[in-house]
Amino acid sequence: MQMFPKQEVVAMLLAGGQGSRLGVLTKKLAKPAVPFGGKYRIIDFPLSNCVNSGIEAVGILTQYQPLILNEYIGNGQPWDLDGMHSGVNCLSPYQAIQGADWYSGTANAIFQNINYIERYDPDYVVILSGDHIYKMDYNKMLEYHKEKNAACTIAVIDVPMEEASRFGILNTYEDGEIYEFDEKPEHPKSTNASMGIYIFSWKELRKYLTEDDALENSSHDFGKDVLPAMLNAGERMFAYPFEGYWKDVGTIDSLWEANMDLLDPNVTLDLKNIYSRNPMMPPHYVSPDANIQNSLVADGCNVEGDLEFSILFSGVTVGKGATVNSSIIMPGAVIEEGAVVKFAIVAENTVIKKGARVGQKPEEVDDRDNWGIAVIGENTVIPENAFVKAKEMIDSEVAASEK
Amino acid sequence: MRSNDVLGFIFAGTLDDKIPELAASRTTASVPIGGKYRLIDFVLSNMSNSGINNVGIVAKSNFLSLTDHVGSGSAYDLSKRRSNLTLLTPYDGKPFSNYVETIYNMHGYIEHCREEYILLSPGNVVTNFDYNALFDYHSKSDADITLIYKKGVVPAGYDRPVTLDVADDGKVTQVFVKPDVPDEVVNHFYGSVLLKKSLLMEEIRKALSLNELDIKKILQQAVGKYKVCAFENKGYTGIISSINSYFDFNMDLMKREVRDELFNPKRPIYTKVRDDAPSRYGLESRVKNSIIAQGCVIDGEVENCVISKGVYVGKGAKLSNCIVMQDTKIGKETNLNYVIIDKDVTIKDGRSLMGFGSYPIYIAKKSEV
């Protein structure tokens, strides 16, 4: 039998959710694999955080549309997670003698992989989710966890009071000990929003996971079941205050905003030490006709049109006279001559034909409350001179039927 | 013959005396080019894409940047159970004085490799070439030796270029070693040749025993003895043999047809990966007709330039016709025209530098201007 050297910390990254609020963007890929920031995928952020925090064993729990994610993670080499005795593993639901189960909840996903965790004989387990953009040193949080002699530590971020009711709020005593969970409270008592990052002492977590699994009416979810059970049992649970950039990118609007934040010099998020797979493409070319203002451009692009407040992923073409404004254009997409794309997300390998118009500025819409980012799914063709309104979501089948 | 039966053999120092500035701290093969590449990336990628599994690189000196760049060869898919990249450096006090002795000194490596054929290549040529076409040609024409040539005017920098007379059937009838660089269209043999390893080593041993150290002369004599054929490289080819040809090649990248051919997605050019973020254009940036790699921050004006990874161009800076290598910082309100700026240079705010198209200025690595 292979012996694995002990790891003090094992990270488990929950990447199985569908991310249905991202619509056509997650039709064929799991949310953590959604492209972000010109060359990354969302999962690069928690993975890079792990490596930069010295965590060498990472399990990624996959379930929904795992192909692209599995392929992207591969052997983990871009993140230095290809060690001889540790590294990254994609853990999908599996069959066993007792039967086969999908992961029925976040806690169940970890429960089904207890054997993976125990190979490393860890003292602590970090639970992460694959839909947040942030840079964090988990070591500091672990130090805090040890200092407080906690069974569970939950990272929290200070949110504005008026937004607090959108989050899971943790109410704590002065020393940071949690006495109450308040899920999306109507009248929040504090502004400590949970970031979905947990550190558990493994012995305790193992006990509560096993107990939770035996409960028939449990939904096997951390937030709904396991954490309240621990609190009720009087375990020491602490909130760890995090300062810095953090954004949940689970919706079209927040995904777009987080991308745009990269263009804002006042935002503290930088991309240093975020690792990713790098497509083999030459540097990008900017033609004599092009005009680029306040944008991010990746390798392999060919820019002949106007670009403002936008993000181009690798291998994107922007034709002559085309305009791209406040938009995110994912790898391999083509914006043909004279096309206009504003306030939009265009997914991979999609073609916006000549003269087509995608998206609208907020001030161009009569009903401002119904304004939103236009989204075109992957491998879609928007025909010549077609018009896609603000907030519309188009995938390849819809585009084909409208032709 | 199959491509996995060919050993790739690259001379990293080709013509390094002709680009003394660029090669001051590195080999010709590791000269940065095209914004994110080193010269050797092209030949290594071509070999790897053509199915060659085993490549040796001869480096005579200054090879730290080369070893750092090619590493284990994994970036080129040349670091697997059955594929290898080997750096061949001087040892036992045997310096690399000429091709004949150099090849002989490496006979242990060459003969140990399991491949039957060897493909010798220079380190100063930028092209996207499918060697399989060469291998097919070599087998079909039943040649002993096949030389790759480029039709055109020999680029400046070659003291005594080798040119070929080629018959209609592809047979080389004569090999010239001209005293002057001819200003006419010729068949220029730039140093890429395919033959059996056994034939190469036999000829090298024979030459050494006769104290014949001129490889060009050995080649001339081979024409009478063996079937020597020629294969034309009809694709775009940048041959770096002077600071001017280095400059011109970089500027050629502004042409779409050159980029499309060199960076054919079916035969990608690989290079050592660096985790640079996408390049960021500021609110007052103005960029025209330029190649920009990742990791840059551009706040100034850039026209007809190649800007490598991690370069910073400050506000109000005006750059035209420049080649800027990685991680260089160009200060605010600077004015640069026809300047080649090496790695890690700092150009302080407000400085002005002017070269000419025929004479670009060169700023050495890590300088502060």
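## A salt bridge between the chains

Let's start at the contact between the two chains: A:Glu304 and B:Arg256 form a salt bridge, with their closest N and O atoms 3.5 Å apart. Keep in mind that this is a predicted model. Across the interface of chain B and chain A, the rule finds two salt bridges, and there are 21 residue pairs in polar contact, both residues at pLDDT 80 or more.

On the side of chain B that touches chain A, at least two residues each come from helix H9 (256-262), strand E14 (279-281), E15 and strand E16 (290-292). That side divides into 15 nonpolar, nine polar and nine charged residues.

## Extent of the interface

How many residues of chain B are in contact with chain A? The count is 33 residues of chain B, facing 36 residues of chain A. The area buried between the two chains is about 2,700 Å², and carbon and sulfur atoms give 49% of that area.

## Strands that pair across the chains

Strand E16 (residues 284-286) of chain A and E16(B) run antiparallel and are joined by three bridges. Here A:Val286 has B:Ser290 in E16(B) as its bridge partner.

## A parallel sheet in chain B

Chain B also holds an open sheet of five strands with parallel pairing, in the order E15-E18-E21-E24-E27. Its edge strands are E15 (286-288) and E27 (352-354), each pairing on one side only. From one strand to the next, the twist averages 5°.

Note on methods. Residues are numbered from 1 along each chain as its sequence is written. Chains are lettered from A and ligands numbered from 1 in the order in which they are written. This is a predicted model: local features need pLDDT of at least 70, side-chain atom pairs count only at pLDDT 80 or more; totals for chains, interfaces and linings use all residues. Side-chain values use heavy atoms; hydrogens and water are left out. Two strands pair if DSSP finds at least two bridges between them. Helices (H or I, at least four residues) and strands (E, at least two) are DSSP runs, numbered from the N terminus. Axes are lines fitted to C-alpha atoms, for helices over the stretch in contact, and angles run from 0 to 180 degrees between N-to-C directions. Contact means heavy atoms within 4.5 Å. Buried area is the accessible area (1.4 Å probe) that two parts lose on being put together, summed over both. A salt bridge is a side-chain nitrogen of Lys or Arg within 4 Å of a carboxyl oxygen of Asp or Glu. A polar contact is a pair of N or O atoms within 3.5 Å; within protein, one must be able to donate a hydrogen and the other to accept it, and residues adjacent in sequence count only if both atoms are side-chain atoms. Ala, Val, Leu, Ile, Met, Phe, Trp, Tyr, Cys and Pro count as nonpolar, Asp, Glu, Lys and Arg as charged, and the others, Gly among them, as polar.
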